[in-house]
Amino acid sequence: MILAIDIGNTNLTFGLFDGDRICHKFRLTTSLPRTSDEFGVQIMEQLSHQHVSAKDVEDVIICSVVPKVMYSLTSGIKKYLDCDPMIVGQGTKSGIRIATTNPMEIGADRVVDAVGAYFLYGGPVIVIDYGTATTYDLVTADGAFVAGVTAPGIRISAKALWSNAAKLPEIEIVKPESILAKTTITSMQAGLVYGTIGQAEYIIDKFKEESGFTGVKVVATGGLGRIISEGTDKIDVYDPELTLNGMRLIYERTKA
């Protein structure tokens, strides 16, 4: 079994693979400081719930955009799982080519998403990740990562609303029944969700227009991606496990 760990700004997402199938997935918050022992014990507890022992985990692969977490996490993995994790970074054999002006600027999370989308769904493909930030990336038919757009994530926008406007309440991010909102809460929900849907549709159309690509598939992932994908026909696939599968594919390619 392979344990894939996606370290984002909000959550750490763990996916345990048995072959190409995710047999267990769990999350921890990124913001909570943890020692190596705390990481190790929590991972072991999750594995034990699935009747998996440390010996069953052959290897670990990590994709991280939060450097401060790495030392404790990798130390815990070495101590409790007895393996040296593979870290996705510069020089990793991803299978796609970064063809932007400065390839060093492209985060490991975006590379992993691009790998997952390209090898699972083909190219050209637009990859949207609804994480702490919302990212839109374009991969060509021959596997080149050529362009990307970064926007504030839905939760960041929501927090900005209720943190900076004294009379606006903290709300749940859901799609209201109608954009014709009649209360403060539904008006905020409409602005956040319908606004993000409109943003997605415009950026997708501009990607297609300026790239000149035809037959582009659009793949979305990320926690709130389902709400957005269900609100537009511009998104072809919503895959909540795209990032983890991208790591699995990179691991398999590297080991091969």
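## The second largest pocket

The lining of the second largest pocket in this predicted model consists of 7 nonpolar and 6 polar residues, with no charged ones. Here Ala, Val, Leu, Ile, Met, Phe, Trp, Tyr, Cys and Pro count as nonpolar, Asp, Glu, Lys and Arg as charged, and the others, Gly among them, as polar. The lining comprises 13 residues, of which G89, Q90, G91, I98 and V111 lie nearest the pocket's centre.

The second largest pocket holds about 210 Å³ of space. On a 1 Å grid over the protein atoms alone, a pocket is an open set of points where a 1.4 Å probe fits, with protein on both sides within 12 Å along at least five of seven lines; lining residues have an atom within 4 Å of a point. A volume is the space filled by probe spheres set on the points, which are joined across faces, edges and corners.

## The largest pocket

The volume of the largest pocket is about 740 Å³. Its lining has 30 residues, and D6, D129, Y130, G131 and T132 are the ones nearest its centre. By class, 8 are nonpolar, 14 polar and 8 charged. Helix α3 gives the largest share, 3 residues; helices are DSSP runs (H or I, at least four residues), numbered from the N terminus.

## Residue R110

R110 is located in helix α3. R110 counts as buried because its relative accessibility is 13%, buried being under 20% relative accessible area with a 1.4 Å probe and protein chains only. Beyond its neighbours within four places in sequence, R110 is in contact (heavy atoms within 4.5 Å) with T135, Y136, D137, F145, G148, V149 and T150.

## Basis of the values

Residues are numbered from 1 along each chain as its sequence is written, and side-chain values use heavy atoms, leaving out hydrogens and water. Local features need pLDDT of at least 70 and side-chain atom pairs count only at pLDDT 80 or more, whereas totals for chains, interfaces and linings use all residues.

Technical notes. Helix = DSSP H or I, 4+ residues; strand = E, 2+ residues; numbered from the N terminus. Buried < 20%, exposed > 50% of the residue type's maximum accessible area, 1.4 Å probe, protein only.
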